[in-house]
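Let's work through a structure together, one question at a time. Have the sequence and the 3D view ready.

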Amino acid sequence: MIAVNLSYLPRTLWHLIAPATLVLAGCASQPPERATLAQLDRSPSTYHSAPVIGQISDADAKSAYYEFLHTAPEHDHSRNQALARLAEMELKASERWTQQDDYQEDQRYRATLERTVELLTLALTDFPEAPGNDRKLYQLAKSHDLLGNHAPSLQALEALVQRYPQSELYPEAQFRLAEAAFSAGDYLAAEIAYTAALHSSQDTGFHERALFKRGWSRYKQSLYEPALEDYIAVIHAQDFPDLAEQLETPLNADQQAIYDEYYRSLALAMQRYPQPNSVVELFRKHGLTDLYAPYHASATQLEDQERISDAVAEWQTLLAADPAPALSLRARAHIVSLWQTHGFTDAALEASETAYQVYQRFQTIDSANAVASPLAQSAAEAFRHQWTDVARFYHNRYQQEPDEAHLKKAQQWYQRYLKHFAHYAQQDGIALSYGDLLAEAGQTEAAFKQYERAAFDGPVILNQEAAYAALALLDELTGQQPEHWLARNLRYAQAYAQLYPDDPRTPAIAWQAARHAFNADAYDKAIELARFAREHPIHQQDAYSLILQSHLDQQRYADAEQVARQSLSLPGLSDETRSQTEARWSLSVYRQAELAERRQEWNTAIDHFRRIHEAYPHSDNAARGLYNALSLAGEQESWDLAIALIQRFQTVYPQHELRVDAERQLSTAYLASGQTDRAARQYERLAGTEQDSRAQRAAQWKAAQLYLEQDDREAAINAFRRYAHRYPNPYPENAEAMNHLVTLYTQSGKPEKRAYWQQQILSRDRQQPDQAKTDRTRRLAATAALGLGRDHHEHFKATHLSLPLEQSLTEKTGHMQNAIQHYARAASYGLTDIASESTHQIGRIYETLARDLLDSDRPTELSDEALMQYNILLEDRAFPFEDKAIEFYERNLRRVASASFNDWLAKSRERLAVLFPVRYDRPAKMSIRFPQTSESEKPTHTSESITNARLEADQP
C-alpha cells in the first residue's frame, strides 16, 4: 500500500486529506465542508536572506530586520529579502501560539498573522517580479485563511496558479482551489481544478487525494463511469491488501477508515450506474480483480438502508457475471444471510439449498484450492452458521409437528453440516442438537454418537448437558450390549461424576454405571462409581450394598467388613436389608478367617470365626464359623477352648447339621485332654446319634476300646456286646468284638458267657462266605474252637469212670466227642500252632480214655477168675483207644515236614515214646504178659460212639 506523504504539512488545520475524519467528511454523500488554506499549508523551504554574522536570537534578528526596513532604500532588493524573512519569522511565531487551547481568540496570535499579511503584501507590491513570489503568495493565502479571510486567500491562490504554472506549489494551489469549488458546490470547476492538480503534480499523495476528490466531483455531476474509474484508480493507488492478508494482519484504524471510504464511494457510484450488469466488466477492464470488496460494500449500504431485495440483487448481479467459484460461494452466503437476517424464511431456505449444491460442486471440482482460498474459507464459515440455523429450523418444526418430512429435512441438514464441518460440531452445538433430534426420533445409538461428539474430547467433558444426555442413552445401550458399550459408559460416567459432583443428577448416573460395572465384574470401577451415589438418599443403601458385594467378590474381605458396618449404621434399613447385610458382614469375617487359616495364623483365624457367632449368632455363617473355630482349636490342641466352643455349639445350634461332627470332635477333645471316661461316653452317644452306619460302628468301637483302656470291664463288655449285636458287618470287626467279649468274660470268670461268644464266633464264621474271611478271622475262629475244645476236654478229664461203668463211660465219651469235635474244628483252619495243639489234644483224649478204662472201678462181687476176665475185657476195650492216640500223635509229628517244630509236636513225640517203645523206645506198659501176635493179627477194637465222634484233623 502507498502511504500518504504528509511530512511537509504543519501541525495546523491546513492539511486536508491525511486525517481520516476529514476524508470521511469530504466523501460523504453530501458535499464536503469548505476547506481552509491553513489546512493546505506546506512548510516553505529555507529562505535565503542577507547573511548575518554570528549567532543571534530570533527577537534580536526581528529587531534588526525591522530596523533595516526603516533605513533601507525603497527599491533595495535587500528589503525584499528582509520582508520575506520577517514574514517567515512572524508566521513561525504564530505557530507557537497554536500550542495553547484558545489561541484563535488570543490577539497576540492574530496580530502576528496580520503582521505577516502586511509584510507579504508589501513585498509583493514593491517587488512584483522578484524571485520567490510564488511562495509569498502561498504564505499570504495561508495567513489569510488562518485569519478567516477566505476570499483573499483564494485570490492569492488564483494569482499563484495564473502567474506561476511551473511552481512546485502549483499542484497544491490547484487542489486548494478545487476543494474550495467542491465546497461551494461548483463540481465542474472542482473537477477541472482537481484535474489540473493531477496533471501537474508528481506528488503521489496529492495525486491520490486529487483523484479521489475528482471522482466525487464527477459523481456529483452524475458522471458515474468516470467517477468509478477515479475510485478504481485510488484503490489501485492504495494497493489495499487482499482478504487473506487482512485476515492475517488487520488494517489499523486509519487504514480501515480509508478502505471503508474508498469502497463506500465506489459502491455509491455502482448503485447509480445505469448498466449494473456491466459494472463487473468495467472493473475487469480497469484491473480491479477484487470484486468481493465493492459488492460487499454496496450490498452493505443497501442493507443499512433496509433495501434487502436490492442488496440481494447486487450479489445476484455479481453471480450473473460468472465470478470465480470462491467469490460465487461468498456471494451466495451473503444472499442467504440477507434473507435469513431479515426474516425472509422461505427465501433463505431456498437460497441455502442452492448454495449447498454449488458448494458441493465447488468441493468436488476445486477441493485443492478450497481450503487455501480466503473467500472460500469465509464462505464456508458463513455456510457453517447458516446451515446450523437451517437444521435447527427444521428440527424445531419436527418438535412442533412430528412429521416424517420435517425429520428427514432436519437430518439432511445436520448431516450436511457434519459432512463439511464436523470439526465444529461441538463448538456450534450441532452435535448436541442432532443428538436431540435422533433421540426424539428413537434412534438411540445414532443419538448417542452425536451426544458423544458434543460432550467429550477424550476424558474432557466439553458440554455438561450433552454429557448427561449421552450417559442416559449409554445406560440403555450398555444394558443391551455390555461388551460393546461398557468401557465408554464407565469412562464417561466417572468423568461426569468427578467434574460435576454437586449436580443432583450425578448420583443416578454414577449408580447406573456402577451397576453395569458390577455386572461385568469390573469391581474397582463399580466401587469408584458407587461412591458418588452412596450419599444420595435414593441410592444410598443400594450403593453400599454394591460396594460391599464388590469387595467380597474381589476377596478384599477387611474392606467388605468395614463397608458392611457402615451400611448397618444407615438409618431406615428394612429388616430384609439388615438381614442381608449382616449375612454379608459375617461372610466377610468368615473369609478373613479362612485367609488367616491359609496363612497358618491360627489364633487370628479362630478369633475371626468366633466373632461371627458373637456378633450375629443367627447369621448364615455364624454356626459354621463357630464350628470352624472349635475345629481349629482342636487342631491346635487348645483342648479347653475346643471343648468350650463345642459345648457352646451344642447349646446354640442343637439341630445344626454339623452338630454330630462337633460332638465327634468333643470326643476327640475329651480324649486328647485326658478325660478318657468322658470321651468314651461321648463316643457312646455318637453311636446313637450318627446317621451313617460306619460312623456309628466307629464310635461304638472307639467307646469300647476306651472303656477297655480304662479297665472299665463292665462298660467295655456292654460296648463290645452292643457292637457285636448291632454291627455283624463287616465281619472282621464283628469277630474282633466277639473275641474281646471272650477275653473279657474269661477275665470276669464267666465261662458260660465266654463259651457263648466262642460259639457265636464259630457260628458266624460258618455263615460267612470265604471272601469275607481274613487270616485274622480264621485265627479267631480257630482259637474259639480250641477254647471250646479245651472246655470239653476238661470236662472229659474230670469225669471219673465209676460203676456202673456203662453209665459213666457214656458221660465221659460224650465230653470226649465234644472236645474232639471242637479240636478237629480248630485244626481245620490250618494254623500250625493251633492245629498241632488240637491234634495232640485229640491224641491225649484217646490215650486218657484208654488209661481211664484200665483204671476204672471193678465190680466188687467178681471172683478172681471173673475179675481176670473182666480186666482182659477192659484191656481189649482200651487198646484200640491207645492205638488211636498213637495214630494222632504220629499224624501230628508228620507236620514237622511242613512246619517248624513246636512244643505240641515235642509232646506228641514224648507220648509216642511211651506208647510205642518198639519204634519210639516204648517200655512195657503192664507186667502181665500176653501171647505174641503179629501186627496184622492184632484184634481191632472199635467203639462206635468214639468212631462217630472222631474227626480227621486234616479236614478243612
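Q: Which residues gather in a patch of negative charge on the surface?
A: This is a predicted model, so keep that in mind as you look. Asp and Glu count as negative. The residues that gather in the surface patch are Asp239, Asp242, Glu245 and Glu248.

Q: Is glutamate 245 buried, partly exposed or exposed?
A: First, find glutamate 245 in helix 11, residues 243–248. Its relative accessible area is 45%. Buried means under 20% and exposed means over 50%, so glutamate 245 comes out as partly exposed.

Q: How many salt bridges does a search of the whole structure find?
A: Here's the general idea: side chains of opposite charge can pair when their charged atoms come close. Searching the whole structure for such salt bridges gives a total of 45.

Q: In which helix do lysine 449 and glutamate 445 both lie?
A: These two side chains meet in a salt bridge, 3.7 Å from N to O. Lysine 449 is partly exposed at 43%, and glutamate 445 is partly exposed at 34%. They are 4 residues apart, about one turn, and both lie in helix 22.

Methods: Residues numbered from 1 in each chain as written. Predicted model: local features only at pLDDT ≥ 70, side-chain atom pairs only at ≥ 80, totals over all residues. Heavy atoms only, no water. Patch = residues over 30% accessible without salt bridge, like charges linked within 9 Å, V, L, I, M, F, W, Y side chains within 5 Å. Areas by Shrake-Rupley, 256 points an atom, 1.4 Å probe, with all protein chains shown as cover. Salt bridge = Lys/Arg side-chain N within 4 Å of Asp/Glu carboxyl O. Charge placed at Lys NZ, Arg CZ, Asp CG, Glu CD. Helix = DSSP H or I, 4+ residues; strand = E, 2+ residues; numbered from the N terminus. Buried < 20%, exposed > 50% of the residue type's maximum accessible area, 1.4 Å probe, protein only.
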